[in-house]
Each structure stands twice: as C-alpha cells, then as structure tokens.
Amino acid sequence: NPLTLLDAGVYTLVPNTSQDVLFKNFSVREDMMTVYAMTKLNGEFGGATLTGNIGVQAVNTTQKSTGYVKLPTTFEKRTLGDSYWDVLPSMNLSLRFDSDFVIRFSAAREIQRPRLDDMKVSLSYGYNTTEGIIKGSGGNPSLRPYRATAVDLNFEKYFGGTGGYVAAQFFYKKLHNYIYKANIPFDYTGFPITDPGVPYPLLGVMEVPFNGTGGEIYGVELAGTLPMDTIVPALSGFGLTGGVSYTKSAIQPAPGAPASDIPGYSRWVANGTA
C-alpha cells in the first residue's frame, strides 16, 4: 500500500518545482445521453429469408475540461467545453438462401469518441534546445468526435454443419470529421519559463488537436475456416482459419496539404490460426 509507505516515511513527497506545473493540472468530464428507436425485419424475399433491423440513435454529448488559462495579467482556473448532438441512423440486412449462402448489407452513420486527454484545457511546454524555441502541447475542449458514413457488403458461403465457410467483405467509410494534431504559433509572453541560460524568443509553437474534414477508408477482406475432418476424418477437432485484408485510406491532414494515408493503418493485414 503506497499510502502506508508514505505514512511510515519510507517514501518522501518531493515538491514539483517545474515552472509549468500549474498548467499540467486538469480534469475532463464527458456526459452522454442516448435516445434510440429500432424496428426488426423478418420475412421472405425472392425465395430467401430476409432478416435485419433499422434504427436510429440521437446522442447528446456535453464535454468540459477544467484547468488554468492565462489572462492578460493573471492566471485563472476555468471550465471550457461544448455541447452537441449526433443523429446516427443505421440499417443491417441479411439475405439467407437455402444453399447456406448469405448476403449481408449494412449502412450506418458512426462516431468514435476523442481521447479524453485530447480534450483537456491544460498545456505543457518547455524550451527546446535543438530548435531554440519554446515548444508545447495542449488539448482542445471543443474537439468533436470522428464521424463517418459506413457501408459494408458481405458474401458468405457456409458448408452444412461442418463449421467451414468462406467470406468476402467489402467496406467503405466516408470520413466527415477526423482528428489530427498540428503545430500553431503560440505566444508564451507572461508564462513562467525555466531560464535555459540562453536568449530565446517568446513566440514559439503549440501542438493542438483539431478536427479535419474529408477523407475515406475502403477495402476488402477475404476470410475462411476449413475443418480438417472434412478431408481426413481422423483429424476431427483440428482446422485452419484466417484471412487477409487490403485497406486504402486518404485524408487531408491540414488545409491545402496533399492527401495522405491515415496514420496507423497497414495497407495489407493477414492472420491465420491452425
């Protein structure tokens, strides 16, 4: 128990004397309320069975961050944030044939929440000896989530009761809103700064998350499972499963910048299990 060790004097609390310690202190709060409605589908369609659902969600988000901001002559603890709605319709359909062939289709408006620390009001900074300027990073209490319209189309073939199948999935996402980080000029006049011992300009840079617009993700995935006992009965319980996918993505990371891949996405992904 670290608190017991502190009380016993094994550990000693040492004051943090960093000049920017005040601005690193922050809290983030996010409250969401969701209202939704859905209807289910089940019937015959062209000699096959059609199942699925159609629905919509209305999501209200209130987000706020508390921390210290600089005023012209002083520092003040403030709470900044925003409140907004997202309306998210969706549809999921499955068309099942007697031959164990299934076609699935889905379309939806989707969101993905920002990282909580990207919504902080606080900032941290320091003198960069390599570039000879003050550099910092901060958050954006008004940051919106990733937003996209997604469409998926699957073709699946199952092989009786063997557990084997092959499938092809085609997917496309239109990105309406995404999050990227960019350096902006920032005036550190009046901020407490640890003296680096050399002259330095007070106009530096700050890395802050922003919402970009325009982008897409699309690709195809092939997958399958092969139970080995369909080939050799003595190998019951053994099998192969896996898949391979190709994904292409493009966003414009900053106004006027050329389109580029979304960071973190691999073009080719393959996996398999024996």
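Predicted model: local features only at pLDDT ≥ 70, side-chain atom pairs only at ≥ 80, totals over all residues.
Visitor: Why is Asn154 called buried?

Guide: Buried means under 20% relative accessible area. Asn154 has 16% relative accessibility, so Asn154 counts as buried. Asn154 is found in strand β7, residues 146-159.

Visitor: What is Asn154 in contact with, leaving aside its neighbours within four places in sequence?

Guide: Val102, Ile103, Arg104, Ala168 and Gln169.

Visitor: What makes the pair Asn154 and Glu156 a polar contact?

Guide: The cut-off for N or O atoms is 3.5 Å. The side chains of Asn154 and Glu156 make their contact at 3.4 Å. That pair is therefore within the cut-off.

Visitor: Which residues make up the largest nonpolar core?

Guide: There are nine in all: Phe23, Leu123, Tyr125, Ile134, Tyr188, Phe191, Ile193, Met206 and Val208. Strands β5 (123-128) and β9 (203-212) each supply at least two residues of this core. Another core lies apart from it, with seven residues, including Ala148, Tyr178, Ile251 and Ile262.

Visitor: Why is the largest core called nonpolar?

Guide: A nonpolar core takes buried residues of set types, joined through side-chain atoms within 4.5 Å. Phe, Leu, Tyr, Ile, Met and Val are among those types. In soluble globular proteins, nonpolar side chains tend to be buried together.

Visitor: What does Phe191 touch, not counting residues up to four places away in sequence?

Guide: Phe23, Lys70, Phe75, Leu123, Tyr125 and Phe186.

Visitor: How many cavities of 30 Å³ or more does a search of the whole structure find?

Guide: One. The largest cavity has a volume of about 30 Å³. Thr247, Lys248, Ser249, Asp261, Tyr265, Ser266 and Arg267 line it.

Visitor: Which residues lie nearest the centre of the largest pocket?

Guide: Tyr146, Leu175, Ile217, Ile262 and Tyr265, out of 19 lining residues. This pocket has a volume of about 410 Å³. Strand β8 gives the most to the lining, with five residues. By class, the lining divides into 13 nonpolar, two polar and four charged residues.

Visitor: How much space lies in the second largest pocket?

Guide: About 270 Å³. Its lining has 17 residues, and Val121, Ser122, Leu123, Gly139 and Phe186 lie nearest its centre. Strand β2 gives the most, with three residues.

Definitions and conventions
Residues numbered from 1 in each chain as written. Heavy atoms only, no water. 1 Å grid on protein atoms, 1.4 Å probe; cavity = no way out; pocket = protein on both sides within 12 Å on 5 of 7 lines; lining within 4 Å. Points joined across faces, edges and corners; volume = space filled by probe spheres on them. Buried < 20%, exposed > 50% of the residue type's maximum accessible area, 1.4 Å probe, protein only. Helix = DSSP H or I, 4+ residues; strand = E, 2+ residues; numbered from the N terminus. Contact = heavy atoms within 4.5 Å. Polar contact = N/O pair within 3.5 Å; in protein donor to acceptor, adjacent residues only side chain to side chain. Nonpolar A, V, L, I, M, F, W, Y, C, P; charged D, E, K, R; others polar.
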